[in-house]
Every structure is written in structure tokens, then in C-alpha cells.
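Dear colleague,

I am handing over the structure below, together with its sequence, and after it I set out what was found. Please keep it open while you read.

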Amino acid sequence: MLSVPTGKAALVPAAGLACALAFALVDPAVAPRAVAVPAAAHPAASPTASPTPSPAPGPLAGVRVAITGGLFTASLGIIWTTGHPVYGHPCAAAGGAPTPFTALVDAEDEYHFGLVAHWDATAKDFVVDNIHGDAANGKKWTAYVNDTKITTGPCATAIKDTDKVKWSLE
């Protein structure tokens, strides 16, 4: 690559170039989907359990995901997500729209940073317990969309293409 001020070649780290190319070459039609939780973590994910029918995915959105507040802080770049079942539970906003939680799950699927969440049967939504070893322990993982704290559950809040999703331990 050439640097603008001097016209000389500039070194580009291989990892940075690979990351830039990966985002430039991603086809939204084949964007990664969330993986199932291991059977030990969720009995419904057991291979012997009958599979949950998957409805057609909702609209596809490329959103920026960030994680802050604990020891692990990350800006994960563009994550392709849709509204889809997560760990056997529905997680899509109105019209099948993607949500802050599907964006977090799909980011975990891509980057493997470690996500622990549980289904709250009373709220009928997910609660994030731990991200990359940063446990809630008296605090709460809270989602923000475009710097605004969400007021509904993370599976009930719609997000759209180009939104910024931030999960913060507060």
C-alpha cells in the first residue's frame, strides 16, 4: 500500500489486511449464523431432542458490536445478523427483525470470546450472565443501540442495518 504524504510503501500487518479483506468480501447472503449451545448447557440442544423448527430468517443487518465495562473491551466490527431462534428460544423483534442479543450471539459465533446467558422464563427473554469471563455478579449486562439504552428485552428490541450495538457491564 502507498502512503499518501510520502508516496512510499507502508507496512500493513497481515492480520489487519486479512481482517479488512474478510469484511470487504463477506456476502450477506452467506453471513454466519448462531451455533447451538452444547447439550450440557441446554437440554433442548441435545442431539436426541427433537429439533426446533426454524422459521425463515428475518431481515439481514450488518451492525457494529462493541463490548465494554469489564476487563474485556472489544469493538468487533461488522456482524451480520438476523432475527432467529437462539438456544431453542425465539429471538426476533417485530417482523423477524434482528436484535441486540442475536447480534451478540452471532459475534460470539464468529469471534469465540465466550458468552454465557440464560433464558428468563418470567421475562421471556435472555439475560447475559458473562462475556469473556466478565461475570455480572451484582451488576448487569445492558445493551445500547446507537448509544441509547434499550427499554425492552434484548430479544424484543429491533435493530437495523448500520446500527451500533454496545453491551456494557454496569
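**What was found**

Strand 2 is largely enclosed by the rest of the structure, because 6 of its 8 residues are buried, where buried means under 20% relative accessible area with a 1.4 Å probe and protein chains only. Strands here are DSSP runs of E with at least two residues, helices are runs of H or I with at least four residues, and both are numbered from the N terminus.

Before going further, please note that this is a predicted model, in which local features need pLDDT of at least 70 and side-chain atom pairs count only at pLDDT 80 or more, while totals for chains, interfaces and linings use all residues. Residues are numbered from 1 along each chain as its sequence is written, and side-chain values use heavy atoms, with hydrogens and water left out.

**Strands**

Strand 1 and strand 2 pair in the antiparallel sense over 6 bridges, and two strands count as paired if DSSP finds at least two bridges between them. These two strands form a hairpin with 5 residues between them, and Gly69 in the turn has a positive phi of about 105°. Within this pairing, Arg64 stands opposite Ile78 in strand 2.

A further 3 strands form an open sheet in the order 3-4-5, with antiparallel pairing. Its edge strands are strand 3 (115-120) and strand 5 (134-135), each of which pairs on one side only. Strand 4 and strand 5 pair over 2 bridges, and Asn130 has Ala135 in strand 5 as its bridge partner.

**The largest nonpolar core**

A nonpolar core is a set of buried Ala, Val, Leu, Ile, Met, Phe, Trp, Tyr and Cys residues joined through side-chain atoms within 4.5 Å. The largest one has 31 residues, of which Phe101, Phe113, Ile131 and Trp167 touch the most other members. Several elements each supply at least two residues of this core, among them strand 1 (61-68), strand 2 (74-81) and helix 2 (100-111), and helix 2 gives the most, with 5 residues.

With kind regards

Notes: Buried means under 20% relative accessible area, exposed over 50%, partly exposed in between (1.4 Å probe, protein chains only).
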